[in-house]
Amino acid sequence: MIQFRSLFARLMTTFFIITLCIMLVLGILLSTFFKSYIMETRKEELIREGSAISQYVGLYLTGLIDTRVLHYQYQIIDRFLGTTIWVTDERGNIWSSHNSTQLEEVDWENQKVSVDEFVQVLDGNTITLEGRFGESFPEPMLTVGMPLKLNNSIRGTIFLHSPIQGLNRTIMNTYNSIWRSAILTSILSLLLSFIISGRFSRPLTEMNVISREIATGNFKRRVKVRTKDEVGQLAVNFNAMADSLEKLESMRRSFVANVSHELRSPLTSMKGYIQGVLDHTIPVEDQDKYLRIALDETERMNRLINELMDLSRIETGQFSIDIKVVDINEIIRRVLISKEDRINDRGMEVEVDFEKDIFMVVGDPDRLQQVIINLLDNAIKFNREGGLLTFKTWLFKDNVYVKIADQGPGIAKDEIPHLWEPFYQIDKSRTRNKEGTGLGLPIVKKIIEAHEQNIWLNSEEGKGSAFIFSLKAVKKS
Ligand SMILES: Nc1ncnc2c1ncn2[C@@H]1O[C@H](COP(=O)(O)OP(=O)(O)OP(=O)(O)O)[C@@H](O)[C@H]1O
Ligand SMILES: [Mg+2]
C-alpha cells in the first residue's frame, strides 16, 4: 500500500515534478528556439535566392538571356518551396513574376506593389515581413524584399513571398517531436523515480516495521544492508542495536531466572529444616544443628543479595569509587591474614613475591580489597589440595600489576570470555563449587573497569589459573 504521506510517495512526486518542470522549460525553450531558427533559415534562404534572381534579371535586362531562360532560372532557384517571385521597376510595377507550385491563379504581371515598405527597398534596404503583404495574399506569407541593382544603381525591386503555412508545418512537426520526447522522458522518469524511490525508502520502511516488532519483544528480524551510504550505515547500526537489545533481553531473562533459582534453593532447605523443627520430625538433640544450617543459608542469601545489589549499583551507575592513594601490598597482606585459616585447612602453601615492599596505587581501598578477596576466594576454592597460591606485584611503566595464581584445574580458552558474565559457572557439578553463585568475577571486572584498568586471565587447563590486573601507580616524588 502506498500512502501519499509516505517517504516513497514523497520522493516519487518530488522526482517526477522536477523532471516534469525540466521537461516543460526545455520544451518551451526548444520550441521557441526552433521556431525562430526555422524562420531565420528561411529568411536567409530567401535572401540568397533573391540575390541569385537579381543576377539573372541583370543578365536579362542587358539582353544576354531571354524570358524563357529567366523563367527557367526561377524554377531552378525555387523548386519546392512554393515561393512567389516578383520583379518590379522603380515605380513598383511587376513586370516579371513566377510561382513554383503553379497553383496560384493570379497573374501578377502589370500589377503594382502598393505596400509602404516598397520605398525602403527602393532605398537600398533588404526587408523581411510576415503577413499577407497588404491584401495581396489570402494566407500569411514570409516576404523578403531587396533592391534590384544593375551596375550599382537601383533599377527596381525583387520580392519573394513564401507561405508561412509550409514553415508552420515544419515547426509543428518539430514541436511534435519535442513534446513527444518530453512525454516519453517523463514516463521514463516516472518509472525511474518509482525504482529509485523504492530503493531509498525500502530499508527505512523495513526498519520501521522491524523496530515496531522489537518494541513488542520480537528481536529476531534484521534489516538487509543494501548500500554503503548513510542509509546503509543506518541499517548496519540498526542491526547492531537490535543485536545488543536481543543480547540484553536474553541476559535479563537468564538473570531473573538465575536469581530466582539461587534464592529458591536456600529457601527450600530452610523451609524444610524449620518445618522439621516445628513438627518435631527433627529430634530435639539435632534441632540446633539444623537451625545452624538454616542460619548459614540465610547468611548465604544475605551475601547473594549484597552481591546482587553491588552488581546492580555498578550497572545503574550508582556505584561510586572513593579514590585514595593506597598500598596494594598492604591490602593483599591483610586479606591473606583474614583467609589464613581457610588456606591452612586445605594445606595450601602461599608464595608472596612483591617487587617492592610498598606499592602505592590510585584506587578505592575497600573495592580493591573486595577484588583481592573475590580472586583469593576463587583461588582457594579451585586450587588442588595442598597446592601453591602465588601473589605477585610488580611495576611496569605507569602501572602496578597484581597477579594471583593457583594450581587448580585451570580454565578452558572458550570459557574465558563468559567468566565475566553474572552467574556463569563452569560445570557446577564437576567442580566442588557448591557455595558459589557466579557473581564474584563480574563484580571484580566492574570494579577494575571503574578504575579504568584491565584484568586478564592466563590459564592452562590442568595446570592452574593466574588472574592479573593493573592499577595506576603513584610515583614518589
Ligand atoms: N581460580 C579459578 N580456577 C578455576 N576456575 C575458576 C577460577 N576462578 C573462577 N573460576 C570459574 O569461574 C566461575 C565464576 O567465578 P566467580 O568467582 O564469578 O563465581 P563463583 O566463585 O562460582 O561464585 P561467587 O564468587 O559468587 O561466590 C567459577 O564458578 C569457576 O567455574
Ligand atoms: Mg568466586
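Modeller: Lysine 149 has isoleucine 154, in β5, as its bridge partner. In this predicted model, that pair belongs to the join between β4 and β5, two strands that run antiparallel and are linked by 10 bridges. The two strands form a hairpin with 2 residues between them. Asparagine 151 sits in the turn of this hairpin and has a positive phi of about 50 degrees.

β4 also pairs with strand β3 (residues 127-131), again in the antiparallel sense, over 5 bridges. Within that pairing, glutamate 130 has leucine 142 of β4 as its bridge partner. Because 8 of the 10 residues of β4 are buried, the strand is largely enclosed by the rest of the structure.

The buried residues of α1 are Phe8, Met12, Arg42, Leu46, Glu49, Gly50, Ile53, Ser54, Tyr56 and Val57. The helix itself, residues 7-61, has 55 residues and reaches 79 Å from its first C-alpha to its last, close to the 81 Å expected at 1.5 Å a residue. Glycine 63, with a positive phi near 80 degrees, follows α1.

The nonpolar cores come next. The largest has 31 residues, and Ile328, Ile331, Ile372, Leu375, Val400, Val402 and Ile404 are those with the most contacts inside it. At least two residues of this core come from each of α7 (328-338), α9, β9 (388-396), β10 (399-405), α10 and β12 (464-473). The element that gives the most to this core is α9, with 7 residues. Apart from this core lies another, of 19 residues, among them Ile85, Trp108, Ile158 and Leu160.

One residue may illustrate the contacts of valine 400: leaving aside its neighbours within four places in sequence, valine 400 is in contact with Ile328, Phe359, Val361, Thr393, Leu395, Leu471 and Ala473.

The ligand is surrounded by 21 residues, of which Asn378, Ile426, Gly436, Gly440 and Leu441 are the closest. By class, this shell has 9 nonpolar, 11 polar and 1 charged residues.

How values were computed: Residues are numbered from 1 along each chain as its sequence is written. Chains are lettered from A and ligands numbered from 1 in the order in which they are written. This is a predicted model: local features need pLDDT of at least 70, side-chain atom pairs count only at pLDDT 80 or more; totals for chains, interfaces and linings use all residues. Helices (H or I, at least four residues) and strands (E, at least two) are DSSP runs, numbered from the N terminus. The expected span of a helix is 1.5 Å times one less than its number of residues. A residue is buried if 20 or more other C-beta atoms lie within 10 Å of its own, exposed if 12 or fewer, and partly exposed in between; C-beta atoms are placed from the backbone. A residue is near a molecule or strand if its C-beta atom, placed from the backbone, lies within 6 Å of it. Ala, Val, Leu, Ile, Met, Phe, Trp, Tyr, Cys and Pro count as nonpolar, Asp, Glu, Lys and Arg as charged, and the others, Gly among them, as polar. Two strands pair if DSSP finds at least two bridges between them. A nonpolar core is a set of buried Ala, Val, Leu, Ile, Met, Phe, Trp, Tyr and Cys residues joined through C-beta atoms within 7 Å. Two residues are in contact if their C-beta atoms, placed from the backbone, lie within 7 Å.
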